[in-house]
Amino acid sequence: MLEKFTITHPSKKINGTVEVPGSKSESNRLLLLQALYFPEMEVPNLSDSRDTSYMLAGLNNSGSKINVGDAGTAMRFLTAYFATRSGRTVEISGTERMHLRPIGILVEALKTLGASIEYLEKENYPPLKIKGSKLEGGKLQINGSVSSQFISALLMIGPG
């Protein structure tokens, strides 16, 4: 069982170090949180996986076309991320195999929150066109059995 800790500081700022064990799953989650909430935070010991490389490239891409190759984690997390980027429109795609991996559950959940996302080819599958906006929030109920990453993506963008 995990213990719960509350960390506070009178200035509301906490300085410290978080060491990532180097897994692609944890690295990609931490990169998304950094991009959303803690841009000044340094993230040492990132995974050297292709998935993390695609995640970094997507987050650092200022253009309108994002390619995540075969990185499912990057596709899911970046879909949620770009849905929250007001005024920014991107097309996110990947390999042919990536375009066979369902993302409809996440897209429909994001649309429920006010996201503007279109399927560019086949319904419920990448590639996607995402017009970023401030999401409205609200209650969601989704099937998490397909991928826990859908839930993770929604939880990480939630506080924004």
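## Pairing within the sheet

Strands β3 and β4 run antiparallel and are joined by 4 bridges, with strands taken as DSSP runs of E of at least two residues and helices as runs of H or I of at least four residues, both numbered from the N terminus. Within this pairing, Glu118 has Lys129 of β4 as its bridge partner. The model is a predicted one, in which local features need pLDDT of at least 70 and side-chain atom pairs count only at pLDDT 80 or more, while totals for chains, interfaces and linings use all residues. Residues are numbered from 1 along each chain as its sequence is written, and side-chain values use heavy atoms, with hydrogens and water left out.

Strand β4 (residues 128-131) is also joined antiparallel to β2 (residues 89-93), again through 4 bridges, and here Ile130 of β4 is the bridge partner of Val90. Two strands are said to pair if DSSP finds at least two bridges between them.

## Order, edges and packed helices

The sheet as a whole is open and has 4 strands in the order β1-β2-β4-β3, with mixed pairing. Because β1 (65-67) and β3 (116-119) stand at the edges with a single partner strand each, one side of each is left without a neighbour in the sheet. From one strand to the next the twist averages 20 degrees.

Helix α3 (residues 72-83) packs on this sheet and touches β1, β2, β3 and β4, its direction making about 170 degrees with that of β2. Helix α4 (residues 104-112) also packs on the sheet, touching β3 and β4, and its direction makes about 150 degrees with that of β3. Axes here are lines fitted to C-alpha atoms, for helices over the stretch in contact, and angles run from 0 to 180 degrees between N-to-C directions; contact means heavy atoms within 4.5 Å.

## Helix α2 against helix α3

The axes of α2 and α3 come within 8 Å and cross at roughly 20 degrees. That angle makes α2 roughly parallel to α3, a term that covers angles under 35 degrees. The residues that meet are Asp51, Tyr54, Met55, Gly58 and Leu59 in α2 and Gly72, Thr73, Ala74, Phe77, Leu78, Tyr81 and Phe82 in α3.

## Two residues in context

Thr52 belongs to helix α2 (residues 50-60) and counts as buried because its relative accessibility is 1%, where buried means under 20% relative accessible area, exposed over 50% and partly exposed in between, with a 1.4 Å probe and protein chains only. Leaving aside neighbours within four places in sequence, Thr52 is in contact with Lys24, Ser27, Asn28, Leu31, Leu46 and Ser47.

Asp70, by contrast, sits in the loop between β1 and α3 and is partly exposed, with a relative accessible area of 32%. Not counting residues up to four places away in sequence, Asp70 touches Arg50, Tyr54, Thr95, Met98 and Arg101. Of these, Thr95 is 25 residues from Asp70 in sequence and 5.6 Å from it in space, C-alpha to C-alpha.

Definitions and conventions. Angles under 35 degrees count as roughly parallel, over 145 as roughly antiparallel, 65 to 115 as roughly perpendicular and the rest as oblique.
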